[in-house]
Amino acid sequence: EFQTFNFPMPSKNCFKLCLLFLFLGNSAFAQDPTILKNKGEELFHSDYYQLAIKNFEAYHQLVPDDEESQYLLGLCFFFNNETAKAKTTLNQLLNTIDSPFENLYYNLGRIYHSENDFEEAVAHYKSFLRIAGPEDSRRKMVKDEIRRCGFGIKIKGQLTTIIVENLGENINSQFDEFAPILSPNHEDKLYFSAVREDNLGNFDA
């Protein structure tokens with residue numbers, strides 16, 4: 001023979017109290033600085049920049065002096081096309097740390113370059129080159145970007161009409177071609193610079 005037991009139902013106040021403890025527990029968990037930072041880094045490396053921004057901003061309110069999280073927050077803004085916030089965040093970091101690192105200068109150069117602020121971009125690119133090691137694979141690319149900025153400075157402010165046209169696979173490739181010059185002697189020849197895998201450097205034409 002089975003016995004039945006009647007347990008009293010919890011009161012509404014007891015139920016509300018349990019919900020309150022559950023909410024407070026989740027809030028404390030969500031505001032744990034280490035969890036916020038780790039989650040932000042995970043989202044950043046998974047290219048979920050908008051979600052990463054929320055985690056880094058919450059973390060930065062709790063730990064405002066963390067240089068790494070501020071740097072990653074600036075990159076999230078940049079990759080999320082919020083260049084004004086990216087510039088502000090990374091410049092604040094640049095002005096507060098004792099020894100700026102090469103990636104900070106590199107990405108500030110990219111941000112200014114994306115805004116066509118060529119003078120500031122060149123300044124940051126050059127700062128990157130001064131402290132980046134000789135083995136850094138980005139050195140050649142940054143030098144090319146400085147040359148592009150120089151061309152941008154030269155034509156900036158000129159009132160001119162520019163027509164962009166693909167000239168076919170014999171000239172245009174997946175790489176960068178720039179600074180075209182018509183041959184003074186041959187109407188069917190065009191000289192230009194290019195950044196391609198098989199470049200010889202300063203001697204190929």
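Trainee: What covers the buried residues of helix 6?

Mentor: The cover includes helix 4 (67–79), helix 5 (83–96), helix 7 (118–131) and helix 8 (139–155). Keep in mind this is a predicted model, where local features need pLDDT of at least 70, side-chain atom pairs count only at pLDDT 80 or more, and totals for chains, interfaces and linings use all residues. Residues are numbered from 1 along each chain as its sequence is written, and side-chain values use heavy atoms, with hydrogens and water left out.

Trainee: Which residues in helix 6 are buried?

Mentor: L104, Y105, Y106, N107, L108, G109, I111, Y112 and H113. Buried means under 20% relative accessible area, exposed is over 50%, and partly exposed is in between, using a 1.4 Å probe and protein chains only. Helices here are DSSP runs of H or I with at least four residues, strands are runs of E with at least two, and both are numbered from the N terminus.

Trainee: How far does helix 6 reach?

Mentor: Helix 6 covers residues 102–114, 13 residues, and reaches 18 Å from its first C-alpha to its last, close to the 18 Å expected at 1.5 Å a residue. The expected span is 1.5 Å times one less than the number of residues.

Trainee: OK, and at what angle do helix 6 and helix 7 pack?

Mentor: About 160°, with their axes 8 Å apart. Axes are lines fitted to C-alpha atoms, for helices over the stretch in contact, and angles run from 0 to 180 degrees between N-to-C directions. The two helices are therefore roughly antiparallel to each other, a label for angles over 145 degrees; under 35 is roughly parallel, 65 to 115 roughly perpendicular and the rest oblique.

Trainee: Which residues meet there?

Mentor: From helix 6 they include Y105, Y106 and Y112, and the helix 7 side includes H124, Y125 and F128. Contact means heavy atoms within 4.5 Å.

Trainee: Switching to R138. Where does R138 lie, and what does R138 touch?

Mentor: R138 lies in the loop between helix 7 and helix 8. Not counting residues up to four places away in sequence, R138 touches E102, N103, Y106 and F128. The side chains of R138 and N103 are joined by a polar contact of 2.7 Å. That term means a pair of N or O atoms within 3.5 Å; within protein, one must be able to donate a hydrogen and the other to accept it, and residues adjacent in sequence count only if both atoms are side-chain atoms.

Trainee: What about the loop between helix 4 and helix 5: is N81 there buried or exposed?

Mentor: N81 counts as exposed, at 68% relative accessibility. N81 also has a positive phi of about 65° although it is not a glycine. Most residues other than glycine have a negative phi.

Trainee: Where else do you see a positive phi?

Mentor: D47 has one of about 70°, and it is not a glycine either. D47 lies in the loop between helix 2 and helix 3 (49–62). Just after helix 6, N116 takes a positive phi of about 60°.

Trainee: And N80, what is N80 in contact with?

Mentor: Leaving aside neighbours within four places in sequence, N80 is in contact with Y49, Q50 and I53. N80 and I53 are 27 residues apart in sequence and 9.4 Å apart in space, C-alpha to C-alpha. N80 is partly exposed, with a relative accessible area of 25%.

Trainee: Last one: how many helices and strands are there in the protein?

Mentor: Eight helices and two strands.
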